[in-house]
Amino acid sequence: MELPDPIVVLKGALPPIAAALLLVGTLGARLHGLALAIGVFVAYWLLKALPAWPHELWAQPDGRQWLVWALVAAGLLATLEGCRVVRGRAATVVAALLAAGAVFFVLQKLALRWSNADVFLHVGGGGLLAVLATLAGRRSMANAPTTMLPAVVWSTLLSADAVLLTVAHSGLLAQLCGACAAAVGAAAGTALWRRPFALGVADGGCLALAHVLFVGVGTHLADLPKLAALAAAVAPFGLLLLQPTAAKRPVWWALGAVLWLGLPMAVAFALALG
């Protein structure tokens with residue numbers, strides 16, 4: 001098997017790590033979403049090119065570039081909520097609308113040549129799944145322990161997504177997904193010298209949306225089988241099976257989270273490799 005170019009790997013990994021260490025390490029966990037947004041944006045810039053602006057993509061859509069902007073928007077929203085600019089139900093509604101809109105824009109170019117039934121299935125169904133996953137991610141973080149362990153769990157899930165996308169023959173998507181994982185992991189690492197790190201409710205929605213978008217794009221813009229993508233997409237819902245009382249024992253919560261996330265991901269890998 002051909003080994004990846006280390007320069008390419010560094011282009012995808014260094015921007016999110018640097019952004020997380022700088023922003024989260026100095027100003028706290030509430031800037032985790034901003035670090036993720038900057039890291040993914042710069043990683044795409046270095047790996048491919050500067051993404052076209054949204055108003056340009058509206059006329060000439062490109063799914064991968066829309067994916068970058070969707071992740072940037074999700075990260076900024078998480079930061080605004082973390083800084084209490086957006087709160088409560090308003091934040092939840094905006095997060096749900098962003099999830100649905102992200103799927104629409106990412107699939108905009110493909111939808112132009114689909115039948116109405118395919119548009120309803122992939123754009124409508126995919127949007128609904130993204131909304132539900134975002135809400136599940138937010139709910140699960142509300143019941144999660146306020147330690148760095150949830151960040152480690154999410155980073156592990158996104159790293160698994162990156163491997164899955166590599167299996168699906170999409171190096172660029174795998175690198176971008178790896179950038180998200182690196183941002184979360186580096187942000188959690190700031191707990192080594194700063195006060196304890198903990199993801200917020202908004203971060204859970206942001207990361208769940210990133211997970212669903214990557215596996216969804218993997219089936220439309222790469223070679224990830226649809227059933228494998230569907231199996232992976234339902235993984236965040238497994239966190240809802242953890243009882244709120246589990247947060248009192250962070251290690252047991254993390255073990256349960258790995259179990260419920262790992263089962264659908266194992267199915268996804270089996271289907272992708274098969």
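The legends below describe close-up views of a predicted model.

Local features are given where pLDDT is at least 70 and side-chain atom pairs only at pLDDT 80 or more, while totals for chains, interfaces and linings use all residues. Residues are numbered from 1 along each chain as its sequence is written, and side-chain values use heavy atoms, with hydrogens and water left out.

**View A. Helix α8 and its cover.** Helices are DSSP runs of H or I with at least four residues, numbered from the N terminus. Helix α8 covers residues 149-167, and its 19 residues should span 27 Å at 1.5 Å a residue; the expected span is 1.5 Å times one less than the number of residues. The end C-alpha atoms of α8 are 27 Å apart, which agrees. Buried residues of α8 include P150, V153, W154, L157, L158, D161 and L164, where buried means under 20% relative accessible area, exposed over 50% and partly exposed in between (1.4 Å probe, protein chains only). The cover over the buried residues of α8 includes α7, α9 (171-189), α10 (201-221), α11 (226-233) and α12 (250-273).

View B. H169 follows α8 and lies in the loop between α8 and α9. H169 is not a glycine, yet its phi is positive, at about 65 degrees. With 65% relative accessibility, H169 counts as exposed. R84 sits in the loop between α4 (63-82) and α5 (88-106). R84 also has a positive phi of about 65 degrees although it is not a glycine, and R84 is exposed, with a relative accessible area of 58%.

**View C. The crossing of α2 and α9.** The axes of helix α2 (residues 32-47) and α9 come within 9 Å and cross at roughly 150 degrees. Axes are lines fitted to C-alpha atoms, for helices over the stretch in contact, and angles run from 0 to 180 degrees between N-to-C directions. From α2, the residues H32, L36, V40, A43, Y44 and L47 meet L172, Q175, L176, A179, C180, A183, V184 and A187 of α9; contact means heavy atoms within 4.5 Å. The residues of this contact divide into 12 nonpolar, two polar and no charged. Here Ala, Val, Leu, Ile, Met, Phe, Trp, Tyr, Cys and Pro count as nonpolar, Asp, Glu, Lys and Arg as charged, and the others, Gly among them, as polar.

**View D. The largest nonpolar core and F214.** A nonpolar core is a set of buried Ala, Val, Leu, Ile, Met, Phe, Trp, Tyr and Cys residues joined through side-chain atoms within 4.5 Å. The largest one has 90 residues, of which V40, L67, W154, L164, L176, F214 and L224 touch the most other members. Helix α9 gives the most to this core, with 13 residues. Leaving aside neighbours within four places in sequence, F214 is in contact with L67, L71, L165, L173, L176, C177 and C180.

**View E. Buried R138 in α7.** R138 belongs to helix α7 (residues 116-142) and is buried, with a relative accessible area of 7%. Beyond its neighbours within four places in sequence, R138 is in contact with E81, A91, T92, A95, V201, A202, G204 and G205.

**View F. Q108 in α6.** Q108 is found in helix α6 (residues 108-111) and counts as buried at 11% relative accessibility. Residues up to four places away in sequence not counted, Q108 touches L57, W58, P61 and W66. Q108 and L57 are 51 residues apart along the chain, and their C-alpha atoms are separated by 9.7 Å.

Methods
Helices (H or I, at least four residues) and strands (E, at least two) are DSSP runs, numbered from the N terminus.
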